[in-house]
Amino acid sequence: MDKPVVIVVGAGPAGTRAAQTLAQAGLRPVVLDENRLQGGQIYRRQPENFSRPASKLYGASARSATALHTAFEALLPHIDYRPETLAWGISSNQLLTEHHQHVETLPFDAMIIAAGATDRIMPCPGWTLPGVFTLGGAQIALKAQACTIGAAPIFMGTGPLLYLVAWQYLRAGVKPRAVLDTSSFKTRMKGLSGLRHRPAILAQGIRYMADLLRTGVPLHAGITPVRVEKQENDTDLRVRGVTWRTARGQLRHTEGDAVGIGYGLRSETQLADLLKCDFAFDALSRQWLPVTDEDGATSQKGIYLAGDGAGIRGADAAESAGELAALRCLADLGRPVAQKEVECLRDALKPMNAFRHGLETGFPWPWKNAADLPDETVICRCENVTAGDIRRAAGPLDAPEVNRAKAFVRVGMGRCQGRMCGLAGTEILAAARNIPIEEAGRIRSAAPVKPLPAKIRGIMT
Amino acid sequence: MSQPVTPTTARADVIIVGGGLMGAATAFFSRQRGLSVILLERDLVGQYASGTNFGNVRRQGRFLPQLPLANRSRVIWGRLPELIGEDVEFLPSGHVRVAFKQQDSARLEQYAQDCKPYGLELELYSGRKAVERFPMLSPDVDCASFSPLDGHANPRLAAPAFGRAARRAGATVLEGAEVTNITRTSEDFVVETAKSQRFTAPLLQISSGAWAQKMAAAFGENLPFTPKAPQMGVTEPVPYRIQPVIGYASWVEEEGVYLRQVKRGNIIFGGGQRGTVDLVAKRARLDPLNTVRQMPHLERILPDFARLRVIRTWAGIEGYTEDDLPVMGPSARIPGLYYAFGFCGHGFQLGPGVGATMADLLATGQTEIPLAPFSIARFAQPSAQ
């Protein structure tokens, strides 16, 4: 039998370790990477002519980052690596890719999807102003390009990334004006029992907070965003600051020239959806996720998920999950696999699951805020759909779930296909109809997963 | 759209099975004629072909004997916001068919002559004049046929708007009402649903699109019928510049693409090869390779198309007959039974006219619109009679 073709989508921690495991077993996996350089988002590399050391780029994770980069360099002769390549559709048993306007069809025997995650967004009035970024975007600007989003940034949201990015900015010489966290101290304590399964990470987080406090960065907990303010001059749309409420309900204003917003991460699941994998509602993160077993096998034969694309567990877990999914894939392809190794990885992932539980409990997505957003708040920025539009779909137009609302008022219909607004839009719909969030559904995925150039060459079969 | 109280049993003058545009419009116009109406929709009103089609409000190029129906429909499209109280984004911005080959141009010229007696006036532009009149077109266009009063509308809004209007007018519109059994007593049709609801009426209309064949067959009126999935897509928004709908007049299936720009700026496109359908799973199988195949033909019509990016694609579930014409009118076998289905991918424009015409039939047994070419009798097998 010819060597089976295994495609790995993504070249972050999960994709890299999956590819490595497959290559070690004698296969030559195809590795598709949307980025120009391997590393994923967390270990994103700087351009070749930049020279900051790893310790500066990745801080406490420098060793992991360097190890992953090095492992990948060694892997290059043994894999079919395709950078700047978008996996955008499925046609029968072929994956469709696009690279510099060239479309290719890749037949495959198995696929490991390690597509990662994006920031999870809860809109607030003003969040579409120039100068507002996601936390991930703010971090990438710094990591990849050594740029900051502003000279006096405010970071708002919740989750570990909130403190990490603020700390990275501080270290880069840009002192944040404030860190505004929607999770209260009390809520965070509830997450502690899960978070302490990874004491080193927990200690890191506490250190970031301590460093921020010591340098006089105000950290506020249990806040409610009111709005991102723009300059009073009508022609200047840039950010002027953030108005928010304290945990006790007092109105406050913090001046700043840029805002980074993020409420944890959400998994990228479109490819799994296009491959018709079963999804189930995950009450912990209040979103629909592809169903996998502990090794990452989905309901579809030969399709595996690894890394944050299967549920947010972070980079270390992603490395183990990538390896485990690859071993499972090899076993399913009839290749010999050391059971001990499998057990070892499964064991390594157990505390990661507890940690994930701690994160979602300690830094929860503030879904209740959706119900109180003013009608004029833009939710879907691609299509300029407001909270009021979604409520009109929910009420007078009687859309029972989010795809119907999409048909009526265009929420989630634009460039990002609801990847940014889908969760908040669904919360607004559920609140307006007074139904449980799982009954409000999830936006169905469609090709192309991301915008596809109309000028395409290559196959014309 | 489910009503607060779901009747478990009810009687009306007419039961309409299928809440696509045809069923919803028939419900609305039947109420206008004073009939009591129960509309049963298995899922959501306008969810399948009616909500996923291209949105063409096009008369030119149609089968000529269908033009009286299309003309009637066009008049209703023009009255829509007042008539149903909701805007469905109808833009009477014209429709252009372009030909690149002389033999195709000759067909456009012939059609422009032939449709005149039906009251459809087209403008023809040849060679350079086509690009002068429509500067967005490729300079290679050999002939452009312009129908100034045609246009386009938003299919996602049209059928649900008719459904709501029908309800406001007093129709019982039930969503999530899957019909499982239809029987006929001496005076009534008895329609049962999966939720054990039971409805009766002396008149029954079947307008369940791609799923209608089975229901017609149950009444002894089977026909060759193929569900297909036309494929659509949409680009990112760009400034609104292209008013008319533009279609590629070719008799090669793969070349037959079309596009329209909505005021929001996105360009919606469709055409070419159709995908397959799973009627049981109620899913159209969208093949992204068909999207790739559409691109060069779209660029051939509109060179600037190549500078855009496609952000989304979708497919619908449509029913096709063997002669590419719908089944519309009374049953040839069962008194009181009416059909309006199988519109072969060109039903959207006809929808309002179909509703008004079917309401004529349901209320009076006759209509001024000639429907003979669409009778289900044309499929009758002599042996089955």
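Me: Buried means under 20% relative accessible area, exposed over 50% and partly exposed in between, with a 1.4 Å probe and protein chains only. Is B:Glu89 buried, exposed or partly exposed?

Reply: B:Glu89 is partly exposed, at a relative accessible area of 37%. Before going on: this is a predicted model, in which local features need pLDDT of at least 70 and side-chain atom pairs pLDDT 80 or more, while totals for chains, interfaces and linings use all residues. Residues are numbered from 1 along each chain, chains are lettered from A and ligands numbered from 1 as written, and side-chain values use heavy atoms, without hydrogens or water.

Me: What is the phi of B:Glu89?

Reply: Phi of B:Glu89 is near 60 degrees, a positive value in a residue other than glycine. B:Glu89 sits in the loop between α4 (80–84) and β5 (95–99) of chain B; helices (H or I, at least four residues) and strands (E, at least two) are DSSP runs numbered from the N terminus.

Me: Where is B:Asp324 found?

Reply: The loop between β22 (318–321) and β23 (327–330) of chain B holds B:Asp324. Its phi is near 65 degrees, again positive in a residue other than glycine. B:Asp324 is partly exposed, with a relative accessible area of 43%.

Me: How many residues of helix α13 (residues 402–409) of chain A are buried?

Reply: Eight of its eight residues, so the helix counts as mostly covered. Among them are A:Asn403, A:Arg404 and A:Lys406, along with A:Phe408.

Me: What covers the buried residues of α13(A)?

Reply: Look at both chains. The cover includes β22 (385–386), α12 (387–394) and α14 (422–433) of chain A, together with α7 (155–168) and β21 (309–315) of chain B. After α13(A) comes A:Arg410, with a positive phi near 75 degrees.

Me: Which peptide bond is cis, with omega near -5 degrees?

Reply: The bond from A:Ala447 to A:Pro448. A:Pro448 lies in the loop between α14 and β23 (452–453) of chain A.

Me: Which residues touch the most other members of the largest nonpolar core?

Reply: A nonpolar core is a set of buried Ala, Val, Leu, Ile, Met, Phe, Trp, Tyr and Cys residues joined through side-chain atoms within 4.5 Å. The largest has 101 residues, and A:Val228, B:Phe29, B:Trp77, B:Ile84, B:Phe162 and B:Val354 touch the most other members. Leaving out residues up to four places away in sequence, A:Val228 touches residues including A:Cys124, A:Trp127, A:Leu129, A:Val239 and A:Ile261. A second, separate core of 54 residues includes A:Ile7, A:Val103, A:Leu305 and B:Tyr125.

Technical notes. Contact = heavy atoms within 4.5 Å.
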